[in-house]
Amino acid sequence: MEKIELVEIENLSYTYPGRDEPALRDVSMSLSPGEFVLLAGASGSGKSTLCRAMNGLVPHFYGGRISGSVRVAGIDTATAEVRDIARTVGMVFQDPENQMVTDSPVSEIAFGLENTGVDRLQMRKRVEEVMASLRLSELRDKRITELSGGQKQKVALASVLAMHPGVLVLDEPTSQLDPISAEDFLSQLKSLNDELGLVVVLAEHRVERCFHFADRVVVLDGGRAVFSGTPAEMARWSRGRDWAPLPPVTRLFLSGEQNGVPLTVKQGRARIAELAAKTQEIGSDPLTCVSEDARVRIGGSDLKTQVKGSDPKTCIYEEKRTKAKRVDHRTDSRTQVKGSDPKTCIETRDLWYVYDDGTEALRGVDLTIEQGEFVAVIGENGSGKTTLVRHFNGLLRPSKGKVLVRGKDIKDSEVASLAAGCGMLGQNPNNQLVADTVVSELEATLEAVGTPAADRGRMIDETLELLQIAPFRDSDPQDLSCGERERVALASVLVHSPGILVLDEPTRGIDQATKDRLAAYLREYNARGNTVILVTHDLEFAAECCERVLLMGSGQVLADGDKHAVLADSLFFTTQYNKCFRGVAEGVVTSREAHRALEALS
Amino acid sequence: MIPTFRKKKCLLQALHPATTLTLALSLMLVSLITDNPLFQVAVIAATAMLAVSAGVFREWLSWWKICAVVGLMTLIINPLVSRYGSTVIWRGPSVPVLGHLIITAEAVAYGAGMALRLAAVIWVFALVTLAVDPDSVLGLMRGRGSSSALLSALTLRMVPTTMRDAGELLDAQRSRGIALDKGSKWAVLKSRLPLVKRSMSTSLDRAIGLAEAMESRGYGSGRRSRYQERRFGLLDGVAFTAAGLIIAAGIAGVAAGKLSFRYYPVLSMRYGALTVVFLLAPLIMGLGMIIISELWKRSNWLRLRT
């Protein structure tokens with residue numbers, strides 16, 4: 001029996017107007033009904049363009065030069081009516097804010113149906129049906145502006161689902177969501193795929209969130225489809241390559257296993273349990289195996305003080321401690337600091353912040369951060385992470401309580417004057433970039449903080465070298481790629497070497513390679529004795545970079561301490577490595593620790 | 001931050017959007033056709049009562065700043081440019097364009113009357129913004145009107161987003177040490193000019209994103225159907241009647257000269273027993289809406305007839 005393909009892409013090449021380089025080059029693929037396809041690849045590899053080609057935005061909306069064909073359910077998207085394509089292919093975009101047309105969830109869901117002329121009775125049925133199936137009914141009377149990011153993305157999904165498309169295309173829909181909202185969103189997507197047989201095409205950087213859902217992974221590189229196959233085949237294909245979009249658990253087993261590399265945490269955990277059982281069978285205590293590794297330590301007195309409730313015998317930690325002496329952050333800081341410690345970099349005392357609409361974003365936060373610490377602030381959306389760090393450079397003023405920077409209460413200090421000591425990079429790096437060239441961008445910062453003119457050239461050169469953007473020194477920042485812009489924005493903050501660096505979601509929407517580079521820069525900056533504070537949803541990134549983790553929820557600090565203690569103690573706010581080794585080797589949170597633990601078990 | 005529409009359980013939001021708009025328009029209309037400052041005060045008071053009935057009085061009141069700015073400008077400009085009035089209170093020097101400055105008490109009073117009228121219109125507009133769902137107004141429109149209504153609804157919806165984007169941009173620059181508020185006004189303006197380009201670029205990116213999302217859901221591809229089809233109920237009839245009575249009171253008051261108020265050449269007002277009746281008309285309507293609204297909240301019978 002002949003296989004029916006719902007989406008057929010043949011030799012598709014596409015170049016955006018005004019560009020010389022094609023965004024897609026000779027891409028061919030076909031998708032069968034019910035397939036869940038993950039589009040992976042670095043930033044600028046063509047994922048978003050391919051998504052837009054599937055629903056006709058390329059070339060209908062963008063123009064440009066196109067060759068080859070895209071046929072969805074027999075419709076050629078280059079020549080078909082927008083209305084016909086909209087009925088067949090539904091698309092959910094990256095930023096929920098940019099795709100909401102109306103101001104209420106019900107109207108938003110009905111919007112596409114109205115556009116395609118669906119009659120009222122049918123419309124009502126479909127709207128109610130998708131609201132119920134996506135559990136949106138309780139949001140019926142809310143305004144779109146009152147919804148969280150995750151809820152907005154669900155409304156966006158519902159609005160395309162109501163049009164009964166055969167193909168659902170999603171372009172990084174979870175990039176702005178916290179891990180729990182992202183998990184919830186993707187699980188619903190998978191259940192739609194399973195139950196309704198929808199073709200799902202998902203472009204995503206954070207493959208660990210969805211790799212296990214995919215029937216097929218398509219990897220794009222430079223506009224070409226360089227791989228297409230099952231996740232297991234993808235893992236095999238990735239062996240020996242410098243970089244491949246794989247979840248941490250798969251990367252962990254990639255070098256050792258010859259067959260059947262685990263693709264999910266569940267499989268990874270099973271494999272580790274199997275290895276642990278074998279080690280015990282041959283009479284070797286796994287703990288002894290681990291202790292033979294010179295670079296890891298089991299138990300140990302200093303660890304006992306940090307890991308609450310865990311058996312010190314089964315702890316595997318990196319021996320390297322960057323701080324000679326650390327404060328036990330689990331202790332209530334109110335009992336620790338009353339005066340100002342010369343090592344104390346930032347201190348908050350009973351910090352409260354209430355927004356104009358009455359939202360209590362911070363509720364009595366007591367916190368001490370020492371000079372040279374690398375701290376990650378994690379927690380769900382709306383937990384108060386950003387509100388907290390915006391107090392460190394005076395962007396927000398406490399409703400109650402105090403913020404002390406290097407022992408000085410900053411309530412009367414201006415943001416501009418605090419910037420010399422505390423640099424902050426916000427969620428959108430584009431907000432940082434207003435000058436015409438990269439060099440003038442950096443000069444503007446140095447001028448603002450009053451750096452002598454004689455030193456500026458040297459400082460700019462050093463920063464450009466550090467962040468590997470020297471070749472772009474005379475380029476307009478707006479002409480650079482997403483990852484390059486991120487580095488220029490970071491350079492504009494780092495150029496005057498502020499003693500405290502605060503970054504708010506620096507890994508949002510960037511690929512793994514850019515993320516690895518960023519982690520390296522930040523570690524180097526921290527190693528120079530600077531304090532780095534990172535607000536992030538990316539727990540893998542936080543674990544790799546930071547030493548200390550602060551978990552926030554409902555405007556309060558829920559947990560604060562060594563990353564091993566905080567992440568290992570959390571069910572959801574932890575890394576894939578930790579989930580895999582839980583019960584076998586406690587406290588494993590980073591890639592290096594996981595590899596060492598695995599070596600020890602093997 | 002200007003407050004915008006929020007869904008509430010109140011009669012004004014439960015009425016057909018056309019009804020609420022008619023009610024608001026009736027207040028706006030009578031404010032425009034009468035010169036009597038007492039009647040303008042009555043219109044503002046009636047609007048305040050409607051805001052109370054809709055549970056948005058605090059938000060409605062916060063528009064006073066806009067009213068104050070616009071009113072103050074009228075109050076200053078009118079006496080400077082007007083040459084009418086017989087009670088001269090100040091003679092000034094000759095200035096280019098305006099000539100000899102003569103301020104009369106009547107011109108000041110006229111400026112104050114105009115300021116009240118503008119305040120009445122602005123506050124009615126505020127009520128519509130706060131109590132009428134923009135999406136339901138969009139649902140009223142057909143054909144070309146729907147595009148304009150959609151544009152207005154989108155603009156309203158994007159206002160908070162754009163303001164947030166602008167705030168984030170300013171914060172990002174401040175965080176780099178760039179002092180945006182220091183020095184003379186020219187220095188402040190100069191330091192903010194480069195941000196305009198970035199702000200425009202962000203807005204453009206958002207606009208493109210939105211246009212993409214709309215096109216991918218078939219917008220502009222042909223005849224549209226409508227999800228919302230609101231029917232008129234008993235209370236819509238009551239509200240329409242109230243709106244009609246207010247308009248009738250305004251027109252009758254002006255026609256009968258019972259609401260007449262002359263600013264020039266000297267201030268004069270004709271009044272009688274009927275003047276009070278005409279002045280009370282908007283207030284009675286406002287009070288009536290508060291009472292009906294409270295009854296509506298308590299009575300299933302009324303709610304089922306909305």
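Residues are numbered from 1 along each chain as its sequence is written, while chains are lettered from A and ligands are numbered from 1 in the order in which they are written. Since the model is predicted, local features need pLDDT of at least 70 and side-chain atom pairs count only at pLDDT 80 or more, whereas totals for chains, interfaces and linings use all residues.

Chain A is assigned domain 1 (7-243), domain 2 (247-321 + 579-602) and domain 3 (337-578), with bounds that come from an automatic or database domain assignment. The centres of domain 1 of chain A and domain 3 of chain A, taken over C-alpha atoms, are separated by 33 Å. Between these two domains, 15 residues of domain 1 of chain A are in contact with 18 residues of domain 3 of chain A, two residues being in contact if their C-beta atoms, placed from the backbone, lie within 7 Å. On the side of domain 1 of chain A that touches domain 3 of chain A, the largest share, three residues, is supplied by helix α7 (residues 179-196) of chain A; helices (H or I, at least four residues) and strands (E, at least two) are DSSP runs numbered from the N terminus. The residues of that side comprise four nonpolar, eight polar and three charged, where Ala, Val, Leu, Ile, Met, Phe, Trp, Tyr, Cys and Pro count as nonpolar, Asp, Glu, Lys and Arg as charged, and the others, Gly among them, as polar.

Chain B contains twelve helices and four strands, and its C-alpha trace spans about 65 × 65 × 35 Å along its principal axes. Of the 306 residues in chain B, 37% are buried; a residue is buried if 20 or more other C-beta atoms lie within 10 Å of its own, exposed if 12 or fewer, and partly exposed in between, with C-beta atoms placed from the backbone. Among the contacts in chain B with a separation of 6 or more, 74% are accounted for by residues 24 or more positions apart.

Where the two chains meet, 44 residues of chain B are in contact with 56 residues of chain A. At least two residues of the side of chain B that touches chain A are supplied by each of α7 (134-140), α8 (143-175) and α9 (185-216) of chain B, and the largest share of that side, 13 residues, comes from α9(B). By residue class, the side of chain B that touches chain A divides into 16 nonpolar, ten polar and 18 charged residues.

Within chain A, helix α16 (residues 438-448) and helix α17 (residues 453-466) pack at an angle of about 125 degrees, with their axes 10 Å apart. This angle makes α16(A) oblique to α17(A). Axes are lines fitted to C-alpha atoms, for helices over the stretch in contact, and angles run from 0 to 180 degrees between N-to-C directions; angles under 35 degrees count as roughly parallel, over 145 as roughly antiparallel, 65 to 115 as roughly perpendicular and the rest as oblique. The contact involves A:Val439, A:Leu442, A:Glu443 and A:Leu446 of α16(A), together with A:Arg456, A:Met459, A:Ile460 and A:Thr463 of α17(A), and the residues of this contact divide into five nonpolar, one polar and two charged.

Individual positions of chain A were also examined. A:Gln94 lies in the loop between β6 (89-92) and α4 (105-115) of chain A and counts as buried because it has 21 C-beta neighbours inside 10 Å. Not counting residues up to four places away in sequence, A:Gln94 touches A:Asp171, A:Glu172, A:Pro173 and A:Ser175. A:Gly401, in strand β16 (residues 400-405) of chain A, has 16 C-beta neighbours inside 10 Å and therefore counts as partly exposed. Leaving aside its neighbours within four places in sequence, A:Gly401 is in contact with A:Thr348, A:Arg349, A:Asp350, A:Leu351 and A:Trp352.

Backbone geometry was considered last. Most residues other than glycine have a negative phi, and most peptide bonds are trans. The peptide bond from A:Val58 to A:Pro59 is cis, with omega near 15 degrees, and A:Pro59 is placed in helix α2 (residues 57-60) of chain A. The peptide bond from B:Tyr264 to B:Pro265 is likewise cis, with omega near -5 degrees, and B:Pro265 is found in the loop between β3 (261-262) and β4 (268-269) of chain B. A positive phi, near 50 degrees, occurs at A:Arg406, a residue other than glycine, which is found in the loop between β16 and β17 (408-409) of chain A.
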